[in-house]
Amino acid sequence: MDSGCGPAPEHAVALHPHDDLPVLVQHLMPDLDQPDARLAFERPFLQVIYDIEVPRMAFGRVCLLGDAAFVVRPHAAAGTAKAAADAWALAETIARETDVPKALSRWESEQLALGAQLLERTRRIGRRSQVDGNWVPGDPELIFGLRGPGR
Ligand SMILES: Cc1cc2nc3c(=O)[nH]c(=O)nc-3n(C[C@H](O)[C@H](O)[C@H](O)COP(=O)(O)OP(=O)(O)OC[C@H]3O[C@@H](n4cnc5c(N)ncnc54)[C@H](O)[C@@H]3O)c2cc1C
């Protein structure tokens, strides 16, 4: 699949309408028995997931928050909490500092750090669960949370 959004990320699967299903299944799951795979995946659905990160969230009197700044992989189930945390912190900072560019600049440094740590964590969990395959159910790192597992 060509998303038209630049180079595909590492491990992305290129799909084309003319791809034959067995070829696709073979590519995705080389260990699967083909007839079984045909039965189980008559209409395969693939959702490509992209990360987004920004080096800045504040631009004078304008800011990026929530998904507009960081879109993270779903493994921490924390995108909504991060969007809310960005907004909450913004409201608190602006209530204390009436000079908006100064307030945004102060707010930015903490929210950038929050977004970056969440992104790094979800990339690590995603890699372990989807690529390396070296996590086991019950691993505490897999507990959902914005600031860390369960937090
Ligand atoms: C399938 C899926 C499952 C998810 N599951 C979870 C989960 O379990 N837990 C979790 O925490 N997070 C989850 N997320 C992530 C979560 O939904 C997002 O991180 C969160 O919604 C980000 O909030 P936001 O306010 O930044 O952006 P959004 O919720 O995307 O809000 C942006 C809003 O802006 C509007 N908009 C866009 N362009 C314009 C425009 N030009 N003019 C006016 N309005 C505009 C949009 O319509 C939208 O309402 C999931 C996301 C997806 C896609």
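Helix axes are taken here as lines fitted to C-alpha atoms over the stretch in contact, and the angles between them run from 0 to 180 degrees between N-to-C directions. The model described is a predicted one. Two packed helices are described by the angle between their axes and the distance between the axes. For helix 3 (residues 79–96) and helix 4 (residues 100–132), the packing angle is about 155 degrees and the axes lie 9 Å apart. Helix 3 is therefore roughly antiparallel to helix 4, since angles over 145 degrees count as roughly antiparallel. The crossing of helix 3 with helix 4 is right-handed.

On the side of helix 3, the contact is formed by Lys 82, Ala 85, Asp 86, Ala 89, Leu 90, Thr 93 and Ile 94. Helix 4 contributes Val 100, Ala 103, Arg 106, Trp 107, Glu 110, Gln 111, Leu 114, Gly 115 and Leu 118. By residue class, the contact of helix 3 with helix 4 comprises 9 nonpolar, 3 polar and 4 charged residues.

In the protein as a whole, 4 helices and 2 strands are present. Their order from the N terminus is α-α-β-β-α-α. Of the 151 residues in the protein, 16% are buried. Where contacts join residues at least 6 apart in sequence, 50% of them link residues at least 24 apart.

Trp 107, a residue of helix 4, belongs to the contact with helix 3. Trp 107 has 22 C-beta neighbours inside 10 Å and so counts as buried, the cut-off being 20 or more. When residues up to four places away in sequence are not counted, Trp 107 touches Ala 58, Ala 89, Leu 90 and Thr 93. A separation of 9.6 Å is found between the C-alpha atoms of Trp 107 and Ala 91, which are 16 residues apart along the chain.

Cys 63 lies in strand 2. Its 21 C-beta neighbours inside 10 Å are the reason why Cys 63 counts as buried. Apart from neighbours within four places in sequence, the contacts of Cys 63 are with Met 57, Ala 58, Leu 90 and Leu 104. Ala 58 and Leu 90 are also touched by Trp 107. Between Cys 63 and Pro 101, 38 residues apart along the chain, the C-alpha separation is 9.5 Å.

The ligand is surrounded by Gly 66, Asp 67, Ala 68, Pro 74, Ala 77, Ala 78, Gly 79, Thr 80, Ala 81 and Ala 83. This shell around the ligand divides into 6 nonpolar, 3 polar and 1 charged residues. Ala 77, one of the residues surrounding the ligand, is located in the loop between strand 2 (62–63) and helix 3. Most residues other than glycine have a negative phi. Ala 77, although not a glycine, has a positive phi of about 45 degrees. Ala 77 counts as partly exposed because 13 C-beta neighbours lie inside 10 Å.

Note on methods:
Residues numbered from 1 in each chain as written. Predicted model: local features only at pLDDT ≥ 70, side-chain atom pairs only at ≥ 80, totals over all residues. Parallel < 35°, antiparallel > 145°, perpendicular 65-115°, else oblique. Left-handed = near helix turned anticlockwise from the far one by under 90°. Contact = placed C-beta atoms within 7 Å. Nonpolar A, V, L, I, M, F, W, Y, C, P; charged D, E, K, R; others polar. Near = placed C-beta within 6 Å. Buried ≥ 20, exposed ≤ 12 C-beta atoms within 10 Å, placed from the backbone.
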